[in-house]
Amino acid sequence: MAGLIVGTPANFLLYPVTLAFTLCAWLLGPLVQIRLPHDLLVLGLTNLVVMNVLMIITSGIAAWRRYNWRIGIFAIFLPVYWLLHAAAAWRAAYQLIFDPHRWEKTPHGLGVLPRDVVNAG
């Protein structure tokens with residue numbers, strides 16, 4: 001349970017770091033002479049591509065079975081969704097450190113009624 005609680009934010013915080021490192025190692029490696037074994041670079045890129053594709057496929061199949069193919073097709077946008085999660089996690093970490101008493105809350109619940117309900121009464 002603790003791994004899930006700690007691992008989820010850690011995953012979102014580390015996703016852009018590992019993605020950037022992998023891309024920089026492959027794109028800038030020949031120019032900057034990064035001293036990493038070639039097998040490690042191949043393994044890292046293979047892991048990145050294969051695991052992302054597997055997550056997209058399994059999420060698409062799950063959404064297709066639960067709803068329909070029109071929803072399942074949106075699984076292709078999961079890497080963008082993960083980057084948005086990463087941006088939110090980094091923002092939350094920044095606010096936790098520099099503004100810990102701020103609470104950004106979505107307005108919903110008993111205190112806020114939809115406009116139609118207020119006008120109907």
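Helices here are DSSP runs of at least four residues, numbered from the N terminus. The views below come from a predicted model.

View 1. Welcome to the largest pocket, with a volume of about 380 Å³. Of its 13 lining residues, those closest to the centre are Asn-11, Tyr-15, Thr-18, Leu-48 and Asn-52. Helices α1 (2-27) and α3 (38-66) each supply at least two residues of the lining. The lining divides into 7 nonpolar and 6 polar residues, with no charged ones.

**View 2. Asn-52 and its contacts.** Asn-52 sits in helix α3 and is buried, with a relative accessible area of 17%. Its side chain reaches the backbone oxygen of Leu-48 at 2.8 Å. Leaving aside residues up to four places away in sequence, Asn-52 touches Tyr-15, Asn-47 and Trp-82.

**View 3. Tyr-15 meets Trp-82.** The whole structure holds 3 aromatic pairs. One of them joins Tyr-15 and Trp-82 edge-to-face, at 5.9 Å centre to centre with 75 degrees between the planes. Tyr-15 belongs to helix α1 and Trp-82 to helix α5 (residues 78-98), so this pair ties together parts 67 residues apart in sequence. Tyr-15 is buried at 13% relative accessible area, and Trp-82 counts as buried at 15%.

Terms used. Residues numbered from 1 in each chain as written. Predicted model: local features only at pLDDT ≥ 70, side-chain atom pairs only at ≥ 80, totals over all residues. Heavy atoms only, no water. 1 Å grid on protein atoms, 1.4 Å probe; cavity = no way out; pocket = protein on both sides within 12 Å on 5 of 7 lines; lining within 4 Å. Points joined across faces, edges and corners; volume = space filled by probe spheres on them. Nonpolar A, V, L, I, M, F, W, Y, C, P; charged D, E, K, R; others polar. Buried < 20%, exposed > 50% of the residue type's maximum accessible area, 1.4 Å probe, protein only. Polar contact = N/O pair within 3.5 Å; in protein donor to acceptor, adjacent residues only side chain to side chain. Contact = heavy atoms within 4.5 Å. Phe/Tyr/Trp six-rings, centres within 6.5 Å; stacked < 30°, edge-to-face > 60°.
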